[in-house]
Amino acid sequence: MSEAAVNPPTDVRGTAADRVIHTWLDYWFAPADPRPLAAVRILTGLLGIALAMSYAGDLVTWFGPSGMIPPEAVDGWRPRVGVSPLDGVTTSAGLQVFFAVLVAALAAITIGFASQIACVVAALLWAALLSRAPMLVGPADDCLAVLLWCLAVGPCGAAWSLDRAIRDRRGLAAALPSPWASTSLGLLRVHATAITLGVLLAQLKGDDWWNGTAAWWLAAAPETPLVDLTGLYRRSEYALNIVTHGIVAFEILFATGLWFDASRQIVCRVGLVAWPVIGLLAGEPLFGFAMATFCVPWTWRPRP
Amino acid sequence: MTVSGRTYGQRMTPPRSSPPRLSDTAKAAASVALAVYLIGLVLSIAGNSVSGSSALMRTIKGRLFSPWMQPAWLDLGFDQPFTYGLPEDADHTLEIRSQGGKPVTMRFPGERTGEQAARWRRLARTIAVAADDDAAPPLTAGVAAGSFADIGSEDVTVRVLRRPLPERAAPDSDARPRQPHAARVRRVAGEIQVIELGGAAKQPEMAPLLREPTRAAPLPVAEEDADE
């Protein structure tokens, strides 16, 4: 009698374990086309420049030698081990240099020059800037930090980049599907889900997201929304309910649909439109843009 | 055309070969790193929720994950509900006005727009929401002290104004700005003094004296108060 026949349960468990291991390895390390990552890189660079520019005008006002937010004033808002190298930058010139390097790194990401190094540099400097004054940070800032770290893992400059053009000019090997592209794309998918679930869980703790009136409060803040829907909501409670429940329903579908081959492309295509719309309704357009950026890799199937 | 052995007008890229694959050792090392990070990600989301977290989760996250995730700005909860319909969800603005003499007023975000304005509104909201915390006076003092030069006075009033969210069923509801937080901040003998003027529900009270770290000499508080 064979050993397999003697111990069939062990074999079954081994098969299941093998399947889990293969699924894990396939998800994280199967060679993948780097072009979707390149598309994310370009959009992330543009998002980063937009967010960095929102600091530019008030950089010295906030963090300068006589700034409104001195390092000792933010201790209460920092995590226990939160530090910022920017605390040590106490001169206006130093701040400007720091900011110039950050913007240069983001520009390098956009055009794809020394892309992975630029991602690491930008991620470190961005984290330093956000840690300097956590009370100024919005949801799009968090998304940018995540995007930069995810891109730093994979060959995000292997296509549609200056890096690629330089390699072509030198006659070096073309970009091939890479296992690290798979790792990077896998991290993007995990984080897209994590962010959506975080938002969803936070929303479902509030009554207004259950009783269908949350969209009113989004629209009612006079300075926040970029689209005024208060007239529509006053006329029709159903419209208000539809928008509120529609946001929650989309988030549930997005977080789950990302994990099934059959639905991934369609939820990402919907997300490409839905996230910017949610961003506009919530007065956080750059958050909507950032979430749409997470969708990009799965909205099309690149040709070989 | 051929120059130095290269044919121009054609793509000068060698033909594709089979894609590179990772060694088993590299996959194993990367898998461990990914698994550790994913655990950290789950703990970050669970531990940064608005509902708080358990002591066990706080301890594990704080000891093992926060030390490397926080500096990278990856210890994030993504707990962004956008709104709960609370007064704190309304728009907040910051107003700094000089005391005495010709009044000079600075308003933030003022004419700023977009994300730049949103950052000022977040700062104003933080001051308003944290008004009862120990962390608030240093921030209020910092904001005021940072405006001394521009406003031309070392005695200012810092106010946070909140535009109340109108009720859907009451379009004519009172839309006048509320004042959730106000404080008088002045520099006396080189020391920054914060006097809480209170928001709508608070009585004026004398706040702690904030001493600038570079100065060692204590401020004679009693005399200053007596002058008042």
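Author: Val101(A) has 13 C-beta neighbours inside 10 Å and so counts as partly exposed. To be called buried, a residue needs 20 or more other C-beta atoms within 10 Å, and with 12 or fewer it would be exposed, so 13 falls in between. Val101(A) belongs to helix 5 of chain A, which covers residues 92-111. Arg132(A) comes 31 residues away from Val101(A) along the chain, and the C-alpha atoms of the two are separated by 16 Å. Please keep in mind throughout that this is a predicted model.

Now the chain as a whole. Chain A contains 15 helices and zero strands. Along the principal axes, its C-alpha atoms fill a box of roughly 85 × 60 × 40 Å. Of the 304 residues in chain A, 51% are buried. Its contacts also reach across the sequence: among those in chain A with a separation of 6 or more, 75% are between residues 24 or more positions apart.

How far can the prediction be trusted along the chain? The mean pLDDT of chain A is 91, and 91% of its residues reach 70 or more. Confidence is highest in helix 7 of chain A, at 98, and lowest in helix 1 of chain A (residues 3-6), where the mean is 44. Residues 1-10 of chain A have a pLDDT below 50, and in the model this stretch makes two contacts beyond near neighbours in sequence.

The next level is the division into domains. Where they meet, 27 residues of domain 1 of chain A are in contact with 21 residues of domain 2 of chain A. On the domain 1 side of this meeting in chain A, helix 3 (35-56) and helix 7 (139-153) each supply at least two residues. Helix 3 of chain A has the largest share of that side, with 10 residues. By type, the side of domain 1 of chain A that touches domain 2 is made of 22 nonpolar, three polar and two charged residues.

Which residues is Leu144(A) in contact with, leaving aside its neighbours within four places in sequence? They are Thr44(A), Leu47(A), Gly48(A), Leu51(A), Trp126(A) and Ala290(A).

The last level is the contact with the other chain. Here 69 residues of chain A are in contact with 65 residues of chain B. Two or more residues on the chain A side come from each of helix 2 (8-29), helix 3, helix 6 (115-132), helix 7, helix 9 (179-203), helix 11 (214-220) and helix 12 (230-235) of chain A. Helix 9 of chain A gives the most to this side, 10 residues. Sorted by type, the side of chain A that touches chain B has 43 nonpolar, 17 polar and nine charged residues.

Strand 3 (residues 91-98) and strand 4 (residues 105-108) of chain B run antiparallel and are joined by four bridges. Arg97(B) has Thr105(B), in strand 4 of chain B, as its bridge partner. The two strands of chain B form a hairpin with six residues between them, and Gly100(B) in the turn has a positive phi of about 70°.

Two residues of chain B have a positive phi without being glycine. Phe78(B) has a phi of about 55°, and for Phe82(B) the value is near 75°. Phe78(B) lies in the loop between helix 2 (55-69) and strand 3 of chain B, and Phe82(B) is placed in the loop between helix 2 and strand 3 of chain B. Phe78(B) is buried because 23 other C-beta atoms lie within 10 Å; Phe82(B) is buried because it has 25. Finally, Phe108(B) and Pro109(B) are joined by a cis peptide bond, with omega about 10°. Pro109(B) sits in the loop between strand 4 and helix 3 (114-129) of chain B.

Terms used: Residues are numbered from 1 along each chain as its sequence is written. Chains are lettered from A and ligands numbered from 1 in the order in which they are written. This is a predicted model: local features need pLDDT of at least 70, side-chain atom pairs count only at pLDDT 80 or more; totals for chains, interfaces and linings use all residues. Two residues are in contact if their C-beta atoms, placed from the backbone, lie within 7 Å. Ala, Val, Leu, Ile, Met, Phe, Trp, Tyr, Cys and Pro count as nonpolar, Asp, Glu, Lys and Arg as charged, and the others, Gly among them, as polar. pLDDT is the predictor's confidence in each residue, from 0 to 100. Two strands pair if DSSP finds at least two bridges between them.
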